[in-house]
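I opened this notebook to keep track of what I looked up, one entry at a time.

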Amino acid sequence: MIRSLLRFIDARRLIFILVLVTLSLPLLLRWSVPPVRMTAAELLFNEIEKIPTDVPGKIVYLALDYGPGTKAESGSQAKALIEHLMRRRIKFLVTAQVLDAAPIINSIPDEVAAGLMELYPNEKWEYGIDWVNMGYTAGAGLNIQNVAKAASIPNFFKRDARGNSTAEIPLFNGVTSIESVSALIQITAYVGTLESYLQFFANEKYRPIFLHGCTSIATPQSFIYLDSGQIKGLLEGIAGAAWYGKLLSDKYPDRPVDDSVVINTTLGVAHLLVILLIVAGNFVGIFGTRASKRRTDV
Amino acid sequence: MSTALAITILAGISTLAMLSFLVRENSIYRAFEHIFIGLSAGLGLVVTVRDFLYPKILMPMFGWDIVVFPDGTIKDPGHPLAWMYAIPLAFGLLYYTMYFPRYSWMARLVIGFSFGAGGGLAIKGFFNEILPQVTASFKPLVVFDEGTIAWMSSFNNTVFVFTLLCTMAYFFFTFRRGEALRGIAGSGGRWLMMVCFGAFFGSTVMARMAILVERLQFLLIDWTDALLKVVGYV
Amino acid sequence: MNGLEHATPGALLLLAILLSALFWPKLWRYHRDTVVLRRIPGIDAIEAAVARAAELGRPASFTTSLTALGPVLYGSLGVLRFVAQKCAQYRNRLLLPQSAPDVMAVCDQAVADSYRSVGRLNAVRPADTVFLTDTQFAFAAGYMGLLQRENVGAAFLFGDFAAESLILAEAGQAVDAMQVAATTSPEQVAFFVCATDATLIGEELFAASGYLGRDEEDMKALFVQDRAKLALLVLVIVGVLLETGASIFGYESGLIQRGLQWMPSFGGAIVAS
Amino acid sequence: MIRLVTFLGGFYFFLEFLLPTEFFGFSFAPYHEYITNGIITVGVAAIGLGLISILRVHGTRILKVSPGWFPSTLLLLSMFAMIFATGNEAILDRNDAKLYERAALLREFATLVAKDGGTAELSAEARTTIALEAVETFIQELPTSAEPEADQSAFQELVVAKTELQRRIDSGSRETLPGVNEGLAQVATALRAYKTTVREASSNRKVYNLLYQGLWTALAAAMFSLLGFYIAAAAYRAFRVRSVESALMMGAAVIVMLGQIPFGVWLYEGLPALRSWFLSVPSSAAFRAIRLGAGVAALLMAIRMWLCLDRKGGKA
């Protein structure tokens, strides 16, 4: 029985088990190691801090262009940023130019708001007052251009994702053209979506400050825009989100440990495991208990 | 039980079924695999009709897109030549002759046509996609910053160009005897490629693991919560 | 510079140079005997894999994954024909997991032709062309299951791949099949290198059928491909030198770009790229 | 023959590329979309092939009750279920959309009449009555009783808007058309809100959500997450130091991995920067080189496809 089991668990399956265990444990124990300092994320944090909250008719334009596939990375970024905006009572509208984001942008602000109201029972964050969801709009760059050129953003959208006409939404009081947008925050897992904003989200006179969150794969490209000053702050993958969470916790000490830090730790562990496996593989290769199957040849 | 709850439960079961392949190919995996394929096939079919065939082809073809005001004045006359869509549609139907050996040569016509179209498009594609990448690689080997040499960017550009050229050189298949240089450049290019593949592999680990973590979170937290709800519910 | 939507004199000139070897081989002093082929290990693996599958009495499989009808598919078809011929000769089954209907039609034709060419047309089994679906991961799931259940001995992965690449390759690993992969998408090469026995990188995919054939025409095709590339290489070098010069001597940069984009006006219309 | 057809297939795109946007007053632009759609249609027409193949393979398997008949049954069932659910959703969407479009059209007409009154054939009054009657009939067609499972308050709002509009029609004249227009707008909004709740509550939507979110999306995500396991297995197997090449590959991979995790900087602070350099300088260069080479090869292959230059490859 046991012998047959051992025979069944070959190197391959052993690895699978290892992966499963090493990833599940930190998640369950909510184990968190202090994240690495991310200067780009700090830039973003400070930009949000700079946004004035007393000027009426100003909104932040939050574009979440990612699908379920990158929920762990982009999702954590979105949560952290939305929490920051809500805590500072900065009004924002959320929208997406990719279809798979449609359900996400509908649910995420609700979740964050619910969490905050749990934490502060005597405060209130309401849809239509603190944020509004404009839903998915097709047409990518073209559509973005129209928004930027529109004389009145509420009139351009006409109706929000939940079917209410923008005229009746209190958040839009005093909101006119793109000049009412104090900042654009774009979080994406898709190539080219940031570019379409960089190209089109501005008019002759005014361009809001651009803030960006990207997946770890895309960091090198995104850094080019940070260097060129086209974006003023950047969240790099989960690491960026984690450091952002740390910054939030520093400012709001009563804040519970957030997912991003846990996920960040988990992913760190996952990487260590992979590196460990590489080392182990080489040991096996050298001391040939089981020589590699066939020579991998390019 | 509410729909949302049902969805979560079902999603969890589907996830486990797929992951069960890691242990070994089993009947549950097989069942869900076939369901998955069935759903995708159905979805693909409907989406094609809903998003392309109906609105872009059939509606104009039959003039369903013509809009008339209540007093009979025409608002949108549609396109007079839209009926011509019938031609490519009929031509495309020749694909189905492949099931009748006697007429299968007709299918070859359509296939030929499609290849031709693909070829024509690709020519344009080269100038639209590849050419910009070519010109984008024209990087100055020496970069000046207010009169002084910017060493870092100069170095980066040099490495970039060197890698580019070596890698391109690696892909020469034919050569005349005694062109050793290209061979050397080639093997250099091959090494650089390996570095690049390794680097990309490394950076992809993050993305893939992130997805796995997201799924595990779903299973360990959302799904278990849902299960408990159901248990409490029953 | 942005891509060119429409041809410009500069672009046409470039096109002419790139195609010159195709239409006037003599221009490049083409002579069959002067052409020596560099060895591509992956190529030899193709035949070895088919043979191995036959020895083990396990079917072979050939997939183009989600590759659409186009040059890449066209290039892969050459290899498919070769593999199909060998399978026909070895009296071995060849599975074709398919994702797109029109591609399926094309592959069926190719297989039928190659079976006919070795006089075993009646051995073609329509049921071995398995249409899965065009959804990335549904296709991958189907492919995994198929390889397991049919216990495939050799798997060929040719074409454009995306994230599914590693899933497909690991499916082959799981049944210990000998795998040869070729892809033009560099992002996926790394995974194929890790999980398959032989990987053709980038344009080697286009060269593969030439290597397998090795007759006059193939040689010429490879020669042409190389010369076009040589022209491009030279273009890059010139461009780099010009830019370097621009940054040293301070004359205006981007000369070639402008050259490529320059457009005389027809009928009064000025055309930007 | 085949050669000719093949040539024709590519000819348009080549010509479209060859000719500038405007060539002695002639331009493809207005036709481009139509022609492209036409060419796409040819490929789309093949969609049935996949369906036939599926029905053939799995149908026979079921009929013969040969091994694997059960999964095949599931496959066909789920396929038809999806076709039904999604198709039904699409049709319902279409019907709702028709109502909204109708309202929009009526509004446009009302504004038109209010603005420039009569036409050559019809007097302003006649057109006004036509407009009002059209709105009247439109109101008739609106839902009169609330669906039981729908949001009742939304329906009440619709009723209110309706009665208001009715009032405006009854006292309708060309001058009051703008008012009618406004009323229509309110009705349209209320209608949309109500319809949304109806659809949300519909059983078809529930089935669709179960199939789409419960199964399809979940299955796709699960497949995607398999990569997490596989990438680990691949790392174990493949990164063995056998040659300079594999050593380089391994080295780069490890550096990049260490560069993107919190533990990395414990070893060396420079790692993240190093990672970024690796990815942005040598990697992107090598990638580009591969793309360029493949691009040129593809270009040549395209030409040969288009002109049927070779016996080999995919000669149809």
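The entries below go from the ground rules to the interface and then to two single residues.

**Ground rules.** I am working with a predicted model, in which local features need pLDDT of at least 70 and side-chain atom pairs count only at pLDDT 80 or more, while totals for chains, interfaces and linings use all residues. Residues are numbered from 1 along each chain as its sequence is written, chains are lettered from A and ligands numbered from 1 in the order in which they are written, and side-chain values use heavy atoms, with hydrogens and water left out.

**Chains D and C.** I looked up the interface and found 55 residues of chain D in contact with 63 residues of chain C, where contact means heavy atoms within 4.5 Å. The two chains bury about 5,200 Å² between them, and carbon and sulfur atoms give 75% of this; buried area is the accessible area (1.4 Å probe) that two parts lose on being put together, summed over both. Of the area that chain D buries against chain C, Phe17(D), Met223(D) and Leu300(D) supply 11%, more than any other three residues.

I then noted two salt bridges between chain D and chain C, a salt bridge being a side-chain nitrogen of Lys or Arg within 4 Å of a carboxyl oxygen of Asp or Glu. Glu187(C) forms a salt bridge with Arg291(D), with the closest N and O atoms 2.2 Å apart. On the side of chain D that touches chain C, H11(D) gives the largest share, 17 residues; helices are DSSP runs of H or I with at least four residues, strands are runs of E with at least two, and both are numbered from the N terminus.

**Thr129(C).** I found Thr129(C) in strand S4 of chain C, which covers residues 129–131. Is Thr129(C) buried or exposed? Thr129(C) counts as buried because its relative accessibility is 9%, and buried means under 20% relative accessible area, exposed over 50%, and partly exposed in between (1.4 Å probe, protein chains only). Leaving out residues up to four places away in sequence, Thr129(C) touches Leu96(C), Gln98(C), Met104(C), Asp108(C) and Ser53(D).

**Gly118(D).** I placed Gly118(D) in the loop between helix H4 (69–116) and helix H5 (124–141) of chain D. With a relative accessible area of 36%, Gly118(D) is partly exposed. Not counting residues up to four places away in sequence, Gly118(D) touches Ser123(D), Ala124(D) and Arg127(D). From C-alpha to C-alpha, Gly118(D) and Ile255(D) are 77 Å apart in space, and they are 137 residues apart in sequence.
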